[in-house]
Structure formats: C-alpha cells, structure tokens
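Dear colleague,

Please find the structure below, as promised. My notes on it follow directly after.

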Amino acid sequence: MKTVIATVAATLIAGSAMAAGHCAAGKTLTDGTLTFATGNPAYYPWVIDDAPESGQGFEAAVAYALAAEMGFAAEDVTWTRTSFDQAIQPGPKDFDLNLQQFSITAERDKVVDFSAPYYTAPQAVLTTQEVLAAGGAAPTMAALKEMKWGVVASTTALPVVMEQVQPSQSPLVYDDNANVIAAMQAGQIDAALFDLPTALFTAAVLMENGAVLGQFDPAAAENPDQFGMLMPEGSPLKACVDEALAAMTQSGALAMIEAEWLQEATGVPLIK
Amino acid sequence: MTRRAAYEARQRRRANLIAGASTLAVVVLIVLLVPRAPGWDAVRASFFDAEIFVRTFPDLLRAFVLDVAIFAWSVPMIFAMGLAIALARGTHNPALFPLRIFGAVYVDLFRGIPVVLLVYLVGFGIPGLGLPRPWNSPYIWGTVALVLTYSAYVAEVLRSGIESIHTSQRNAAICLGLSERDTMRYVILPQAIRRVVPANMNMLVALQKDVALLSFIGPVEILRQAGIFKSLLANFTPYVGAAVIFLMVTVPATRYADYLMNKDRNARS
C-alpha cells in the first residue's frame, strides 16, 4: 500500500516538475545530480533502516520528492553522510542539501543557509514506565521542574529545557539518542526532550519501558522547532529549493509524505 | 676577558641572532601567508570569532571547575590503587601468588581497554544493574572508570620505580634486621617514588585531559559546555576557548614535570 501511495505521489510530483523547470541546472555540486547528506546513522522514522537510497522514511521521501520537483530523476540523487560538525565546518561541503532534523536558528543561519522549513516538530517528553509508576510524573510544568533531565548536546533541546522547564537540578547532556536512552535505563535521568516523532519511536521500539509523557504545544511556543535543509552559506540552490518546497506545500505533497511516515500523535497529552 | 672567552661570547651572540632571525622569519611568514589562503575568512569566522569567545569564556571557565573537582578527587584514589597493585605485583611470598596474578590481570585489562569504553561500561552498565539514586550517579561511576584505567598505568610506573632500586639496598636492609615490610616501607618505596615523580607528572597531565571523557555519560564539563555552544552557535570558537583554559593548566604542569626531570638527571649525573 505504501509503495502505491509513494508511486502516485511521485507521479503527481513528476508531473509538476516539468512546469517548475530546471532552476537547479549548473548549481549543484556535480552537474546533473543532486547530492543529499543525512546523519550517520540516520534514525527512524526520518530514514528507515539507515538506507536513504530506498526513499523510505520521512526525510528520504521528502528528499526524493524535492528532487523530482526540481527536475531530477530518482537515479540522479546521490547520498552522503555527515555529522553536525561536518555540516557547519568552514571548508567546502560535499553535499548540496543536508537534512537530518536540523532546527533552524538565527545563529546557525549566520554560518550556513537553511531552506524553508519542511517540518515543524512539536517537542515531546520521553520517560520510563518506572518513573510513571513511582508517581509525581505528570504533563504539567510543575511536575517537569522536579524531574532529572537529559538532552542531546547537538540539538536545540537544552535551551528549551533551561528556559521553558527551568528544572530544579541541572540537566545531564549526551552525545546522541543512544546515550540518552542508556542513561534513562540506568536510572540516571527521568526525562528527555526529543522531537515528537523521535520520542514516539524511541518509546515504542527502542525501549522496553519507554513512555511519552506529553508534548509541548507547538502553536504556543515562541520559536517553534522547525526543520530546514542545510546548505552551504550563500548556496545558489536556495531559491530553487524554497520554490520547490513551496510548490510541494501548496500541492499537499509534503502533507501526504508527512501523513505516510510520521505517526498520528493524537494520544499524546499537551503539557500545561 | 681572555681571547677565548671573547671568541665564545661572539659565537654565542651570533647563534642567538641567527635563532632570533629564523624564528622571526617563520612567524612573519605564517602571519602573512595564512590570511592569504582563500578560505581564511571562513576559517577565522568559524574558529576565531572574538565576540563569541568573549561571550562563552565565562561559562567555559565555570564548567572547568567541574574538571578540576573530578581531577582532585580522582588523584588520591588513583595513587592509592596504583600503589596497592604495584605492591601486589611485587610480592615474593609464594602464598600470595594469587595476588600477583590479580595484579598482572588488572594491569593488562585496564591498561588495554580504551578509556572511553570503560567510561561507558562502568558509567552506564553498573548503574543499569539497578542501583538506586544517588548511588547510580555518573560522577561516581565515571570516576571509578578513570581510577581503574589510570591506577593500572600508575601501578606500572611505580613497579618500574621499585625494580630500579638496586638489590644491594634490599640486602643491606635485611642485614640491618629490617623485616620485608619495613624494607619496602622505609628503604625501597621512598627512593622508588622519588625516582618516578616525573613519569607520574606526565600521567597527571594526561589525566587532566581525560577527565573530559566523563562528559560522555552526562556531566557538563568544559568540553561538553563548548560542544553545546558549538551546536547552538554553529561555531567552533568555544573549543578554542576551552583549549586556552586547558593550556593555562597543562603548560605550567608540563614545565614543572620537565623541571623535575632535569633536576633528577642532574642529581644522578
């Protein structure tokens, strides 16, 4: 079923691609191909099975849809891997577009270029069944303040925790999602802040005792966490990418991909 | 002044002049050439942003206090453990043979495992067994990982010191009627420890930097704080700030180790 939807979507998008024209011609790293970068490893549900070439997973699907919109056939799309640090280092980059849930911030925008946002991520609180069973954990700010927090260093989660939650104990900080989960299993932290799709997947699949406590209302946030595709500063592609993304938003193609790959999050309570 | 002394002074002046000129030439070349590289502006903006440096430096300095604290409470444990292992490996009593085996295995194991792995294994693994708070703290188990690794190194350094003391010293002590324990306590160890002070100073400098590995399991020490700034500001300047703070400590420590080593050499020659 998914393949059918994907094919239909791809056909729809390919149809409109002709209209958009080849605004990217001569502006990519290698003429005629569009090079995307993702994380190493790339995480579910953004990329399924760490294989972006399959087009499976939200970001992989968005990448192929965007490429089609910009006039690139699927076989003209190549993938590379970078860390966050490689994406922001001052030298030449080996990708045209880098998408691995990079949040758009004003400071980062000074060093690199971001496309228009392709996803607005609600922030969600991940915890464990044990913490819930022990009581005291509730989706309220007062309860969140008393929890021991852990966050991933390279994300925008730390400022959100510090400014919005203002916990009574200082948070612990880790390199990646796997370490946060290990610390949670070891009982060293009670709660961790992730974007909602990551939190849902982590609770359901990566942890035996995981639970999503609640989500922050993205509409209420002053600076909602928006994911953008990262490009080298001053990239000539930006106008073309933004135009293609706008067309995908308008046609509903982006919403379709989101509905296909990112779970409905209706069961997660809002934090008060 | 004799003609010879005058000649030597002239030679020395000439050597100093040449050394000064060549150093100056290298510095001038670096200062002139590096900014001419095409990517210099981007590199300078990424690594040497003065405004970011000033803004993040106080927070880095505050985070460095944690490094110093971990260092301070680790060192006594490392030396106590290292000495115990060195003594265990040096026992001659046949009944204590298991102790020698234990010492050898301990050293092989903990000197051979990468510190990072040990920090993860001990820092996440042991608390994962179900210890209640506060006994599962990453500070406690991170420290244990550092102590295990560094005590294995220090044990080997101390053992080499003990073995470098000439057998005649031990024999003389026995002739004086000292017990084996007293021989070690009053004759061998005081000489051995003094002899390996420079080597141990190097261990301390290395430990000072490895303390930062504790950040892998949660604590926000200086390198982690710099990493947080890096990802928020998309700029590597905070790491330069952290390097400056590290250098302020490690350079004097290394110089002091050099000084001790020279003093030791002069005393022996």
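To begin with chain A as a whole, 74% of its contacts between residues at least 6 apart in sequence join residues at least 24 apart, where contact means heavy atoms within 4.5 Å. Please keep in mind that this is a predicted model, in which local features need pLDDT of at least 70 and side-chain atom pairs count only at pLDDT 80 or more, while totals for chains, interfaces and linings use all residues. Residues are numbered from 1 along each chain as its sequence is written, chains are lettered from A and ligands numbered from 1 in the order in which they are written, and side-chain values use heavy atoms, with hydrogens and water left out.

The secondary structure of chain A comprises 11 helices and 12 strands, taken as DSSP runs numbered from the N terminus (H or I of at least four residues for helices, E of at least two for strands). Of its 272 residues, 52% count as buried, that is, under 20% relative accessible area, with exposed set at over 50% and partly exposed in between (1.4 Å probe, protein chains only). Chain A exposes about 11500 Å², of which carbon and sulfur atoms supply 56%; the areas come from the Shrake-Rupley method with a 1.4 Å probe, and for residues only the protein chains shown count as cover.

Turning to the interface, 29 residues of chain B are in contact with 29 residues of chain A. The two chains bury about 2200 Å² between them, 57% of it on carbon and sulfur atoms, buried area being the accessible area (1.4 Å probe) that two parts lose on being put together, summed over both. On the chain B side, B:Phe124, B:Arg133 and B:Leu232 lose the most area to chain A, together 24% of what that side buries.

The largest pocket holds about 950 Å³ of space, and its lining draws on both chains: the elements that give two or more residues to it are α3 (84-88), β9 (191-195) and β11 (225-227) of chain A together with α10 (222-233) of chain B. The helix α10(B) gives the most, with 5 residues. There are 44 lining residues, of which A:Val152, A:Ser154, A:Thr155, A:Asp175 and A:Asp176 lie nearest the centre of the pocket. Grid points are joined across faces, edges and corners, and a volume is the space filled by probe spheres set on the points.

The structure also holds 1 cavity of 30 Å³ or more. Its lining consists of A:Tyr43, A:Tyr44, A:Asn177, A:Thr198, A:Phe201, A:Thr202 and A:Leu206, and helix α9 (residues 196-206) of chain A gives the most to that lining, with 4 residues.

Two single residues complete these notes. B:Leu204 is found in helix α9 (residues 197-210) of chain B, is partly exposed at a relative accessible area of 21%, and touches B:Phe71, B:Val75 and B:Phe79, not counting residues up to four places away in sequence. A:Ser83 is found in the loop between β2 (77-81) and α3 of chain A and is partly exposed at 32% relative accessibility.

With best wishes

Definitions and conventions. On a 1 Å grid over the protein atoms alone, a cavity is a set of points where a 1.4 Å probe fits but cannot get out, and a pocket is an open set with protein on both sides within 12 Å along at least five of seven lines; lining residues have an atom within 4 Å of a point.
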